[in-house]
Amino acid sequence: MTQNIKTNYNQLMQKEINDILLSGKKPTLLLHSCCGPCSSYVLRVLQEYFNITVFYYNPNLYPDKEYTKRLNEQKRLIKIYNKLAKEKNKNANAVYKLLPIKIKTIKFNPQEYYNAIKGQEDCSEGDKRCYLCYKLRIDKTAEIAKKFIFDYFTTTLTVSPYKNAEWVNELGEKAKDMFKNAKFLNNDFKKSEGYKKSIEYSKEYNLYRQNYCGCKFSINKKME
Ligand code: SF4
């Protein structure tokens, strides 16, 4: 849990994107998503440069119906974006054509979350429990990215001002080293008004926007 507050993760992402543009290829990206609203902004930023598969892996969600509700909204958003992409593609030249976004899920098993955060249940929000919760989801994303041979993996988690971008990026780099395959795309999506835009897009597409982070320990800690 070291912190390097000087690193500009957004700048690192831009540099990576510039290199991708120079290569003339659109790499595959496994994008872990916590929910439709956060991904609404991230997908807009990345869709032009990557062939994206959204990975909806959130065993932290409580109760079960919340998991399903967020998943359904995620799927609905992807459908909307794919429809919009078709329209945009009519006028775009081949290099800038947007590829359809796909979605991947694995069996919802909340026990994975409880095992991962064991002993930290009583932490306050933003503390060690959250670090372990990010780690669980980022490690699984790296593992699946390796299994299905993605070029990159990353997560939408940094859209939220309530999430620690240093931890997310540190964990992404560690997961990359552990699984030794896909590259981790550094990011801090809350920069450039990412969070504000995610709220605007959520309103535009009438997305369900939850008022708590997700686990049962956060259910009474309402966000704005
Ligand atoms: S508050 Fe959010 S990030 Fe922290 S453990 Fe709960 S679901 Fe995970």
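**Fold, core and ligand shell of the predicted model**

Among contacts between residues at least 6 apart in sequence, 72% join residues that are at least 24 apart. The C-alpha trace spans about 55 × 35 × 30 Å along its principal axes. The radius of gyration is 17 Å, which agrees with the value near 17 Å that a compact globule of 224 residues would have. Of these 224 residues, 42% count as buried.

The protein contains seven helices and five strands, which follow one another along the sequence in the pattern α-β-α-β-α-β-α-α-β-α-β-α. The five strands form an open sheet in the order β3-β2-β1-β4-β5, and their pairing is parallel. The edges of this sheet are β3 (102–105) and β5 (183–184), each of which pairs on one side only. Strand β1 (residues 28–32) is largely enclosed by the rest of the structure, because four of its five residues are buried. Between β1 and β2 the parallel pairing extends over five bridges, and in this pairing His32 stands opposite Phe55 in β2. Strand β2 (residues 51–56) also pairs with β3 in the parallel sense, here over four bridges, with Tyr56 standing opposite Thr105 in β3.

In soluble globular proteins, nonpolar side chains tend to be buried together. In the present model the largest nonpolar core has 54 residues, and those with the most contacts inside it are Leu29, Leu30, Val42, Ile52, Cys133, Tyr134 and Phe153. Helix α5 (residues 128–147) supplies the largest share of this core, namely nine residues. The surroundings of Leu30 can be set out in detail: when its neighbours within four places in sequence are left aside, Leu30 is in contact with Thr53, Phe55, Thr141, Ile144, Ala145, Phe150, Phe153 and Ala182.

The ligand is surrounded by Asn60, Glu125, Arg129, Cys130, Cys133, Cys213, Gly214, Cys215, Phe217 and Ser218. By residue class, this shell divides into five nonpolar, three polar and two charged residues. Cys133 belongs to the shell around the ligand and is also one of the residues with the most contacts inside the largest nonpolar core.

The loop between α2 (36–46) and β2 holds Glu48, and Tyr49 is placed in the loop between these two elements as well. Tyr49, by contrast, is buried, with 20 other C-beta atoms within 10 Å. Beyond the residues up to four places away in sequence, Glu48 is in contact with Tyr96 and Leu98, whereas Tyr49 touches Ile17, Ile20 and Lys26. Glu48 and Leu98 are 50 residues apart in sequence, yet their C-alpha atoms are 5.8 Å apart in space. For Tyr49 and Thr28, which are 21 residues apart along the chain, the C-alpha atoms are separated by 9.2 Å.

Backbone geometry was also examined in the loops. Most residues other than glycine have a negative phi, and most peptide bonds are trans. In this model, however, a cis peptide bond joins Tyr62 and Pro63, with omega at about -10°, and Pro63 lies in the loop between β2 and α3 (64–89). A positive phi of about 55° is found at Ile149, although this residue is not a glycine. Ile149 lies in the loop between α5 and β4 (152–155) and is exposed, with 10 other C-beta atoms within 10 Å. Lys180, likewise not a glycine, has a positive phi of about 45°, and its place is in the loop between α6 (165–179) and β5. Lys180 is also exposed, with 8 other C-beta atoms within 10 Å.

Key: Residues are numbered from 1 along each chain as its sequence is written. This is a predicted model: local features need pLDDT of at least 70, side-chain atom pairs count only at pLDDT 80 or more; totals for chains, interfaces and linings use all residues. The radius of gyration is taken over C-alpha atoms; the globule rule is 2.2 Å times the number of residues to the power 0.38. A residue is buried if 20 or more other C-beta atoms lie within 10 Å of its own, exposed if 12 or fewer, and partly exposed in between; C-beta atoms are placed from the backbone. Two residues are in contact if their C-beta atoms, placed from the backbone, lie within 7 Å. A nonpolar core is a set of buried Ala, Val, Leu, Ile, Met, Phe, Trp, Tyr and Cys residues joined through C-beta atoms within 7 Å. Two strands pair if DSSP finds at least two bridges between them. A residue is near a molecule or strand if its C-beta atom, placed from the backbone, lies within 6 Å of it. Ala, Val, Leu, Ile, Met, Phe, Trp, Tyr, Cys and Pro count as nonpolar, Asp, Glu, Lys and Arg as charged, and the others, Gly among them, as polar.
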